[in-house]
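Work through the exercises below with the model in view. Each task is followed by a solution in steps.

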Amino acid sequence: MPDTQPPVATLIKQGAEARVYTIPFAGRPAIVKERFRKAYRHPTLDEKLTSRRVVQEARCLHRIRRAGVDTPTVYLVDLKASTIYMEFIDGISVRDHILATSPLNHQHERELATKIAKSLGVMHDMDIVHGDLTTSNMMMRAGDNPSLVLIDFGLSFVSTLVEDKAVDLYVLERALSSTHPDTDSFFQAILNAYAKNSKGGKPVLKKLEDVRRRGRKRTAFG
Ligand SMILES: Nc1ncnc2c1ncn2[C@@H]1O[C@H](COP(=O)(O)OP(=O)(O)O)[C@@H](O)[C@H]1O
Ligand SMILES: [Mg+2]
C-alpha cells in the first residue's frame, strides 16, 4: 500500500526569529527553517519585512555556495509560509567539535582556523556580511577531512563597508571567547589566514582594532 502519511517534521530548534525542523524531502532528510510573524507588527508591513528576510537568507546562502563556499543547498523557498527548505548537513557544529576535542592540538587548530578563514574571506570579498558569526553557525561535515559549512544567514546583508566586515569578525571573537576558554591563539590563527586568503582582508583587520577599542570602552563604562 502506498504511504499516504504526511512526512513527520521534528523540531530541532525554536529560536527568537525562526523554528528549525528536520523533514524528509524527496526521500532525503532536509531542514525546514520557518521564520515566524511578529504579531505586534502591522500585518502588511510584517509580511513585507518577513519575506524580505527570507529572500535575503536564501539568496546569500545560494550566492556563497556558487562562489565555492560550502553552505546547505537551498531546495525550495516558500514565501507565503516564510519557509526555506534546504539540505540537511550530516555533521556537527564547530562549537560541539571544539568542546569535544578541547584542547585542540596546534596542527588541528591551524587547519580548522584556515578553513574558517577561507570561507569568511570569500564571503566578505563578495560583500556579504554574515551578521551572526558564532561557532554554532558553522558546521563540519561528517567524514575524513571534513569541509566547513557556514549556516544561518538569517541576519546576513550585503555591504561593501570595511566596518561591517570588521564587526562580523568581532562578533566571532566575542562568541569564541564566551563559549570556549583559551581561544586567543585560535582566533589569531583565523585572522592570519584571513589576511593571507582574502583580497580585502588587510583593511578589515586594521578596522577590527578600532572596533575592539570601542568594544573595550563600552565594557569599561557600561
Ligand atoms: N542545514 C542544516 N543542516 C543541519 N543542521 C542545521 C541546518 N540548519 C540549521 N541546523 C541546526 O539548527 C540550528 C538552528 O538553525 P539556524 O539556522 O542557526 O537558526 P537560528 O537563527 O535559530 O539560530 C543550528 O544551530 C543547527 O544546529
Ligand atoms: Mg543559528
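**Exercise 1.** Identify the bridge partner of Val-32 in strand 5, and then describe the pairing around strand 5.

Solution. Step 1: Val-32 has Tyr-85 of strand 5 as its bridge partner. The model is predicted: local features need pLDDT of at least 70, side-chain atom pairs count only at pLDDT 80 or more, and totals for chains, interfaces and linings use all residues. Side-chain values use heavy atoms, without hydrogens and water, residues are numbered from 1 along each chain as its sequence is written, and chains are lettered from A and ligands numbered from 1 in the order in which they are written.

Step 2: strand 3 (residues 28–35) pairs with strand 5 in the antiparallel sense over 5 bridges. Strands are DSSP runs (E, at least two residues), numbered from the N terminus, and two of them pair if DSSP finds at least two bridges between them.

Step 3: strand 4 (residues 74–78) runs antiparallel to strand 5, joined by 4 bridges; here Tyr-85 is the bridge partner of Leu-76. The two strands form a hairpin with 4 residues between them, and Ser-82 in the turn has a positive phi of about 50°.

**Exercise 2.** Which protein donors does the magnesium ion (ligand 2) have?

Solution. Step 1: Asn-137 (OD1) and Asp-152 (OD) lie 2.1 to 2.2 Å from the ion. Donors are N, O and S atoms within 2.8 Å of the metal (3.2 Å for Na, K and Ca); water is not among the atoms, so sites may look incomplete.

Step 2: Asn-137 is buried, at 9% relative accessible area, while Asp-152 is partly exposed, at 24%. Buried means under 20%, exposed over 50%, partly exposed in between (1.4 Å probe, protein chains only).
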